[in-house]
Amino acid sequence: MELRDFQNRNINPGYIFFEGETKPTNGWESFKRVFKRSIKGELFVGLWIVFREMIRFDIHTVQYPAEKLEMSPRYRAIHKLLRLFESGSERCIGCGLCEKICISKCIRMDTHVDEKSRKVVSEYTINFGRCIFCGYCAEVCPELAIVHGNEYENASEQRAHFGLKEDMLTPLDEFKAKKQQEFPGFGALSDHANETVKQTPLAY
Amino acid sequence: MSEILITIDGKQCVATEGEYVLNVARRNGIFIPALCYVTNCSPTLACRLCLVEVDEKRAYSCNARAKEGMSVITKSEEIEKERRAIMEIYDINHPLECGVCDQSGECDLQNYTLEMGVDSQRHCIPDTPRPTKNWGFIHYDASLCIVCERCVTVCKDMIGDAALKTVPRGGAELPKEWKDKTEKDAYAMWNKLQKSIIGVASGAQTLDCTFCGECTAVCPVGALVGSDFQYKSNAWELKKIPASNPHSSDCSLLYYDVKHTSIKDDKPKIYRVSSDQNYAPLHGAARYGYDFENVVEGKDSTAFTKAILLLEARVDTIAFDSYITNEEAFILQKLKEKFGYRLVNEDASTYQQFLKAFSQTSGSNLYSGDLKTVSQSNFVVSFGSALKTDSPNAGYAMNNALGMNKGAGLYFHPVADPIVSGYSKNLLSITHKVGAEEAIAYLLLNLFGNKEEMPKELLMDVDALLSIIGMEADFSEKLEKLLEKKDSFSLIVGEDVYKHPKAENIAQLLGLIERFTPFKVVIIPSKTNTLGVSLICDLDAQRGEYTLGYNVKGDFTLSALLGKGDLAMPALNQQEGTFTSMNKRVVPTNAALSFKGYCLNDLANALGLEAEWTIDYTKELPSDKGFEAREFDSLPNTFDNSGFENRGYLLRPLTFTCKDCVEPLSEVENFGEEVVYQANPVLQFSAFTNQAHQLCEAGALYASAEFLEHKNLKDGDMVHITNEEGDKLVIAIKLDPHTAGLIPYLPTFDTKIDVTPFFKDGYRFAKLTIKGVNHE
Ligand code: SF4
Ligand code: SF4
Ligand code: SF4
Ligand code: SF4
Ligand code: FES
């Protein structure tokens, strides 16, 4: 298609026109239409089921907040920044790939070089007012550092309360208590990863 | 050299005989992978990626010279196999750290690894520890280095410092078994790669060069980066704003790389300056002196109203310097025409008079050469300029000519400069008597002038001239050697002579040199836009009763320097407009950062001129001075693939009928033993460069080791400087390892040090007495 085709406003050939139902012309016809639309046989089927389940006392509703569902690992809630299991250091190396791939442009990070000549991420934020929880950031992250958690209870006065590095990073005490879980969801290595990569020979 | 036709991949391409095939291909839009070649420098054959087939034989396109009718194939199964193998080898033991590497996203190793489809490795060899080095402005990470030698090459062939070289890496010997299992070129490359890394040429612990940073610009990987920039931002986040060097008259193309300051602060900030390293070298001040912006919170309307009232009622003079755009100069000129202000700009007016005198004998208002003609010539002479610091880019052009064209040259200056002398063994450095520039001009006329056409009164005895200048008698013999097979000549002249007691005569002699010798002359404008201002403004000599200063001190001062002056003005990285460069080109520059206050155009509008933006004046720049009526937005600012400088437009030179007569040589004043020169140290040009956070330093009296020894002083000692009129200055003395001889120099970049009393008439040499404070 070229621009010219779009500019053609003649819609006739491709369209089927629907005339619509005939409008009621007097009071009696209006009444008949209201009655026809309101009372249908299916209505009573539904009412029966509700009544049946009520007298059986077999209730399926989750009794939230007393009861909570286990979320699937693929559930994409507010992000977490993970630590390395061996050393406890932050996994994020500040490569900026998540920032680059984010379609809502809501990730930002500040990086600098430290005394040990390493790159450190001094601050990392996600603007949850804009995040659409697409999971791209978690998928692109080469370090499996940024992941989607499954914490869905995000009530607070401000969305910003979840978006700083300190909010997302596994707290050290929690880490020491071995509460950090490896992330099996978006972007994690598949179980047969070893079979899909070519090995590089090593000289030592 | 003649035009010929060659065929590359079946395409007919026009080439100059002897040109490198790679350059012909690039100009014709044919892609040949190449890692180690830097345009305008000598090929090192380190990477071998540019492998092609020339008439069925293997050749490397970066050093294969074009011959009539030759046929080049850039791609074949064999070539591609070889290229892939080369990239595979480069990736051996290369740290997997693209994630943190500063080059990621613009890394040639990344790009070619993907381009050649390297997804696995067959080779391996034990790694050697390669520690990183911190070389001041420059950070070297040896483990990322692929030893392409671009840095070594550019430093030698372009910049002239030759401060880097390859040093042994201490890596494991390549096991013989790989030889049979590896492609030929890939193996040869590996052999070399395994043996070397980059080190300091002098063998010193740290790099001690003029810190242009060009090596970091050419490095295709993250091995050489600016220390200040390290790990601050990924390349792709930075927005490149094309601009022109604001600090000196080369006005080279540069890009301000801009991004938000931090998460907390959304204001744009310049993170670094990048360049088109294949075509336009940048000097260190341009590269590191980028954050000289003026920051104000908002419009200071009280000061603005005061300025307007003063301009309407009291001001009769506007004094300014040449760190302004053509458009601003034009506004000032319009204000002069409307309200009769005097315009005082000492530096531009000196230059204006010099060019005027030059045009009387040359017949043109502009000199004929530029940096391109210099770098393409094979005999380069320079006098009247401390090239290394006054105009580093002119020095680069000279060095490039000497190195690449088998060139030779003469460098005349009273202050010996080991860096310039080191450009080439075919450069004769002549440390001459102070003030002998007029004699040098006569010497050049007599040595190179066409004796038949030249007026007879110009003929002088060469030996007599040599002794006036203070040169050895064997000069003529040496010169004869240097002149062998030389056919294109350029002459660079600098600001020492603009305020020389015999400036007018020197200018006229230069005009004659332009006409009667084969030299193409370049007369370096002393500040960024000195040439532009001198063309646009009618300048006055004396200030009147009440002066409005723009970047110079006045009774009321407009200033682009942070926190200075009565009304803040935008600095040159916050303005759009054009400069007129020493290449006689009107080049655009853009605003990298915003400025919240008033600019000169606002003042002009309040006084009754009408222009929405300063750049509305770009098309109105005076056409009778050679400017074109072109809109700012229509001015390009790029180099294309052939290296063609597609930036702004060239000034049109004006021609006059000219005269031949000049004054006879006058005697050279004897300056005696104690002379001080006025110059800025490397990396400094003005208060603006000194404002940049990487360059900021306190000015001192800079001297060579020889001088310190002679005076029995140490680096850092305090000295008393006095002149005959009784002006005094107490200042620290600082060792400058890059000068020699007994003439120290005083800088102008530090606003805390006022050296003007010592150089009252503007001449850059002064008789001063220097005494160590402790030795009294
Ligand atoms: S989930 Fe998607 S939108 Fe949200 S931060 Fe990640 S990439 Fe951006
Ligand atoms: S992609 Fe991962 S490692 Fe890279 S910056 Fe984002 S969170 Fe950090
Ligand atoms: S030099 Fe290039 S390939 Fe090497 S780590 Fe840096 S970006 Fe990656
Ligand atoms: S430091 Fe960079 S430019 Fe120099 S040899 Fe190494 S890779 Fe090449
Ligand atoms: S570019 Fe020709 S050998 Fe590297």
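These legends describe close-up views of a predicted model. In this predicted model, local features need pLDDT of at least 70 and side-chain atom pairs count only at pLDDT 80 or more, while totals for chains, interfaces and linings use all residues. Residues are numbered from 1 along each chain as its sequence is written, chains are lettered from A and ligands numbered from 1 in the order in which they are written, and side-chain values use heavy atoms, with hydrogens and water left out.

**Figure 1. Fold of chain A.** Chain A holds 8 helices and 4 strands; helices (H or I, at least four residues) and strands (E, at least two) are DSSP runs, numbered from the N terminus. Read from the N terminus, the order is α-α-α-β-α-β-β-α-β-α-α-α. The C-alpha trace spans about 90 × 65 × 45 Å along its principal axes.

Figure 2. Of its 204 residues, 25% count as buried, where buried means under 20% relative accessible area, exposed over 50%, and partly exposed in between (1.4 Å probe, protein chains only). Among contacts in chain A with a separation of 6 or more, 69% join residues 24 or more positions apart; contact means heavy atoms within 4.5 Å.

**Figure 3. Surroundings of A:His79.** A:His79 belongs to strand β1 (residues 79-81) of chain A and is buried, with a relative accessible area of 3%. Beyond its neighbours within four places in sequence, its contacts include A:Phe128, A:Cys131, A:Cys137, A:His148 and A:Met168. A:Phe162 is 83 residues away along the chain, with 8.5 Å between the C-alpha atoms of A:His79 and A:Phe162.

**Figure 4. Shell of ligand 1.** Ligand 1 is surrounded by 14 residues, the closest being A:Cys102, A:Ser104, A:Cys131, A:Cys134 and A:Cys137; a residue is near a molecule or strand if one of its heavy atoms lies within 4 Å of it. This shell contains 10 nonpolar, 4 polar and no charged residues. Ala, Val, Leu, Ile, Met, Phe, Trp, Tyr, Cys and Pro count as nonpolar, Asp, Glu, Lys and Arg as charged, and the others, Gly among them, as polar.

**Figure 5. Shells of ligands 3 and 4.** Around ligand 3 are residues of chain B, among them B:His94, B:Glu97, B:Cys98, B:Cys101 and B:Cys107. The ligand 3 shell divides into 6 nonpolar, 4 polar and 1 charged. Ligand 4 has 14 residues around it, with B:Cys145, B:Cys148, B:Glu149, B:Cys151 and B:Cys219 the closest. Its shell has 12 nonpolar, no polar and 2 charged residues.

**Figure 6. Interface of chains A and B.** Contacts link 23 residues of chain B with 26 residues of chain A. The two chains bury about 2,000 Å², with 55% from carbon and sulfur atoms. B:Tyr231, B:Trp236 and B:Ile263 supply 33% of the area that chain B buries against chain A, more than any other three residues. Buried area is the accessible area (1.4 Å probe) that two parts lose on being put together, summed over both.

**Figure 7. Surroundings of B:Thr528.** B:Thr528 sits in the loop between β20 (519-523) and α20 (530-536) of chain B, and is buried at a relative accessible area of 0%. Not counting residues up to four places away in sequence, B:Thr528 touches residues including B:Asn245, B:His247, B:Cys251, B:Tyr323 and B:Phe579.
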